[in-house]
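Let's take a friendly walk through some charged pairs and a well-covered helix. Here is the model to keep beside you.

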Amino acid sequence: MGMLRKKFLYVLLSGFVGFVVGFGIRVAIEGSTFVVAEWDQEPIVVVCPDSTLTPFRVGRAIEWWQIREYKISHFHYDKDNSICNKGRFMEGIIFIRGKGEINPEFYATTSRFAVGKRLLSADIHLPNSNSKMSRLLEHELGHALGLGHIDKAGHMMHPMHSQGGEKFWIPD
């Protein structure tokens, strides 16, 4: 019985180490790549009922990206929570949520679910207390559309909100 436990612990430890190494490699690649992944189809933005974002505000943020040739099919307010309560990730959907805990060092966070360079889903957590911050929704939508950070002052995808701006270009 002791040998079986050792093998099980070895397999468990190997799996954990493999996960940590793989995650580290992914973070390193995303940190050095601007276009991290892309959508095969135009995603749908679903605004969850816990968000206080108005249709005007969401529409304006989507339009900002559409002007730059990033396509979004449409957006939908999930008033009865029939879509949002199914989980964080659903293929073809970018969720926007307003409640829940995030790291206090961040104004908002975006998680992406991708297979290789193909985006399947994204989850934006923009706390209601920060929902009126200029450019914040546009920035997080940029992540949901597959873009990483760029450390250039004035760029929409700058990692620090105070140094970001309305400029957008794809770096060399």
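Arg57 forms a salt bridge with Glu138, with 2.7 Å between the closest N and O atoms. The two partners sit 81 residues apart, Arg57 in helix 2 and Glu138 in helix 3. A salt bridge here is a side-chain nitrogen of Lys or Arg within 4 Å of a carboxyl oxygen of Asp or Glu. This is a predicted model, where local features need pLDDT of at least 70, side-chain atom pairs count only at pLDDT 80 or more, and totals for chains, interfaces and linings use all residues. Residues are numbered from 1 along each chain as its sequence is written, and side-chain values use heavy atoms, leaving out hydrogens and water.

The whole structure has five salt bridges, including these:

| Pair | Closest N to O |
|---|---|
| Arg57 and Glu138 | 2.7 Å |
| Arg118 and Asp40 | 2.4 Å |

Asp40, Glu91 and Arg118 are linked in a salt-bridge network. As for accessibility, buried means under 20% relative accessible area, exposed over 50%, and partly exposed in between (1.4 Å probe, protein chains only). Arg57 is buried at 9%, and Glu138 is buried at 6%. Asp40, in contrast, is exposed at 59%, while Arg118 is partly exposed at 34%.

How many residues of helix 3 are buried? Nine of its nine residues are, across 136-144. Helices (H or I, at least four residues) and strands (E, at least two) are DSSP runs numbered from the N terminus. After helix 3 comes Gly146, with a positive phi near 110°.
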